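Work through the exercises below with the sequence and the structure in view. Each task is followed by a solution in steps.

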Amino acid sequence: MAERINIDPITRIEGHLRIEVEIENGKVKNAWSSGQMFRGLEIILRGRDPRDAPLITQRSCGVCTLVHYLASVRAVEDAVKVQIPPNARIIRNLLHGSQFQHDHIVHFYHLHALDWVDIVSALKADPQKTAALADNVSNAPWGGTVYYKQVQQRLKTFVESGQLGPFNNGYWGHPAYQLPPEANLMAAAHYIEALRLQAKAAKMHAIFGAKNPHLQSLVVGGVTCVQDLTPDRIAEFLYLWKETQDFIKNVYIPDVLVVAGFYKDWGKIGGTTNFLAWGDFPESEKEPDSLFMPRGVIMKRDLKAVKMAEQDKVVESVAHAWYKGSDALHPYKGVTEPEHGDYDPNKKYSWFKAPRYEGEPCEVGPLARVLVAYAYGKKEIKEVVDDVLKKLSLPVEALFSTLGRTAARAIETLVIGQAMERWIMELVENLKKGDKKTYQSWQMPDKAQGIGLNDVPRGSLGHWIEIEGGKIKNYQYVVPSTWNLGPRCGKGKPGPVEEALIGTPVADPKRPIEILRTVHSFDPCIACGVHVVDPDSNQVYEIKVI
Amino acid sequence: MEGAIATAFDGAYGKIGGRTFLEIANEVCKKALAVICIGTCSSYGGVQAAKPNPGGYKGVGEALGIKTVNIPGCPPNPVNFVGTVVNYLLLGKLPDLDEVGRPLFAYGKTIHDLCPRRSHFENDEFVKEFGSKEAEMGYCLYKMGCKGPDTYNNCPVVKFNEGTGWPIGAGHPCIGCSEPNFWDKMAPFFVASK
Ligand code: SF4
């Protein structure tokens, strides 16, 4: 007998998301993903000064705070036809690279780890054995028996007080947790260290971007932080970069390998079919050729058939979204006319539109980027992917999974972080030559169209702007979480998360941790109660998770 | 409180667990000793309340009809929030507020009053183009649209991310983000105010 469960809200994400699944014989048979908030920023943008669009769209989210800022400024630059100077390009890449470092560390440790790591089990760990394990697998700068005793004591105080704080209301003790107590204690310690580290990483943004969140140094034509192009500011940046990159190399990657080693069966669960990456990090004026993370699309998992992705092949369907009509339109023609109705999976059930590439749903994000780069044979990515697969004794096919998605995130953090060092040195070389140019002037056209294609921590992000009379006539953006968490389209094809959930085993419908694993692996950017509805008894269990 | 509250269509534009933000806030805030709004969204409605405000978004005080302590800013400076809470813990009362609910210890002066570029303003030394010699010399950003003269906040003093940076320091004009309705009142941002 099929049973339906509703997880609303999904927590440990940014924003408001509801997931409904139908379970039969212990497996997910069908799934529906629903965005639960509408703010109408596209409507607010109409009639405004195009130069203000980056500041407004940036406020779409306070987590990936740089990304809409960058995408929007690029869309306006494309419309007004201005080429930014190399120094501006490098500074933007550095800010964007630090966004990846910051975001992905926070995602793994603070949003995703508790799906794999049982905090309460860590209390049973032997601190001495934990110290030995940590020495064996990682190069963390802290450790030792005393250190792990102290961490364990802190956790104990938390648990005994009955106030677990951030660890409150987890599915502790769930049979799906596989790590031994020592690995759980090590991960819990790294969770705490990562909290400290991420505050430092955020400072990289404040050096060339004034602050984090909501940086304030990009303008149409370049960057404004010309006064920060000094040896002391660059050295400050380099120091923070190094500390962050060391953490990625010595803690994050080894932790992912340890956790993955215990959850290899997740290399067969949670996969999708098609992958899209707009690519990012231009290393010269030539785009898309010079993108460090390349642009491409992979259909039906066929890595050999990777090809260039074209923005004109994108439409957004509103057939199952709370907007007027049922059309599928290209973003330039896109309309945003909200029409809230009841939640009805057979009709309309989400505030997200459903983006499609050549009519097909596509997963975007770390896995898509890594697969595209791997398919193109990009050396930096291929080396690390092959090394990770070898260490885990897993085939390439295992990448198409929840585990693959989580590993891809760590892999690209390492690779992009490494490239940042080169970019910093390039900036230094330019300054040595006396090139301090950070801005190119331009004229506002009366009529123009512009596109900003980007790949940001959560995936492919496009902004489309139409200018008329020097004002914004239409503005549409298709964001990573819409690609990944969007609803069915007019043809009834499920979105990537909906697809990924089908077939997921669920041991206990009242504690659906397996569903959270896959949903969180997409790093949804959309808060704390799980409502489990049993259709036979109509009973609603309310279980809170964090 | 964090975030603005949707009020159009009985709050249907924003829901958690099937309940509207409005319902949840009404229940929670009424039981609180004091309601502190952190950020411009919960203080005054924020970006989603900008014209034409499709979701009918409002700040918490206005949506619920209650008096709140507001720590606006986009982002708000955590120093100002912690200062407010510490004030309560040490002195047993909330700090003195201005007429839009902001603690005076943090929002008592304008950015312009505290700005290290102020002498350039007084000497008529202005940046007229980004990336210019004047920009490199740290001249005043008034002509680039700086809203520092109309904005009450302590950014020039406390800065952000443990004193690492702040907008005017990064050569960008202030956009007035701690003022009510700044998305409408201060825009367009790159045009000098009169
Ligand atoms: S930069 Fe802005 S705040 Fe500073 S002195 Fe000039 S106008 Fe005033």
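**Exercise 1. Domains of one chain**

Into which domains is chain B divided?

Solution. The model is a predicted one. Step 1: residues 1-105 of chain B make up domain 1. Step 2: residues 109-194 make up domain 2. Step 3: taken over C-alpha atoms, the centres of domain 1 and domain 2 of chain B are 26 Å apart.

**Exercise 2. Where the two domains meet**

Describe the interface of domain 1 and domain 2 of chain B, starting with the residues in contact.

Solution. Step 1: domain 1 of chain B brings 17 residues into contact with 14 residues of domain 2 of chain B. Step 2: the two domains bury about 1,200 Å² between them, and 55% of this lies on carbon and sulfur atoms. Step 3: of the area that domain 1 buries against domain 2, B:Tyr44, B:Asn77 and B:Arg102 supply 34%, more than any other three residues.

Step 1: the rule finds 1 salt bridge across this interface. The side chains of B:Arg102 and B:Glu179 meet in a salt bridge, at 2.8 Å from N to O. Step 6: on the side of domain 1 that touches domain 2, α2 (40-44) and α4 (78-91) of chain B each supply at least two residues. By class, that side has 10 nonpolar, 5 polar and 2 charged residues.

**Exercise 3. Where the two chains meet**

How many residues does the contact take from chain B and from chain A?

Solution. Step 1: the contact takes 47 residues from chain B and 47 from chain A. Step 2: about 3,900 Å² is buried between chain B and chain A, 61% of it on carbon and sulfur atoms. Step 3: the rule finds 3 salt bridges across the interface. B:Asp184 and A:Arg48 form a salt bridge in which the closest N and O atoms are 2.7 Å apart. Step 4: β2 (15-16), α8 (133-136) and α10 (182-185) of chain B each give two or more residues to the side of chain B that touches chain A. Step 5: this side of chain B divides into 27 nonpolar, 13 polar and 7 charged residues.

**Exercise 4. The ligand shell**

Which residues are the closest to the ligand?

Solution. Step 1: the ligand is surrounded by 13 residues, the closest being B:His112, B:Cys115, B:Cys140, B:Leu141 and B:Cys146. Step 2: α6 (111-114) and α7 (118-122) of chain B are the elements that give two or more residues to this shell. Step 3: the shell has 9 nonpolar, 2 polar and 2 charged residues.

Key
Residues numbered from 1 in each chain as written. Chains lettered and ligands numbered in written order. Predicted model: local features only at pLDDT ≥ 70, side-chain atom pairs only at ≥ 80, totals over all residues. Heavy atoms only, no water. Near = heavy atom within 4 Å. Helix = DSSP H or I, 4+ residues; strand = E, 2+ residues; numbered from the N terminus. Nonpolar A, V, L, I, M, F, W, Y, C, P; charged D, E, K, R; others polar. Contact = heavy atoms within 4.5 Å. Buried area = accessible area lost by both parts, 1.4 Å probe. Salt bridge = Lys/Arg side-chain N within 4 Å of Asp/Glu carboxyl O. Domains from an automatic or database assignment.
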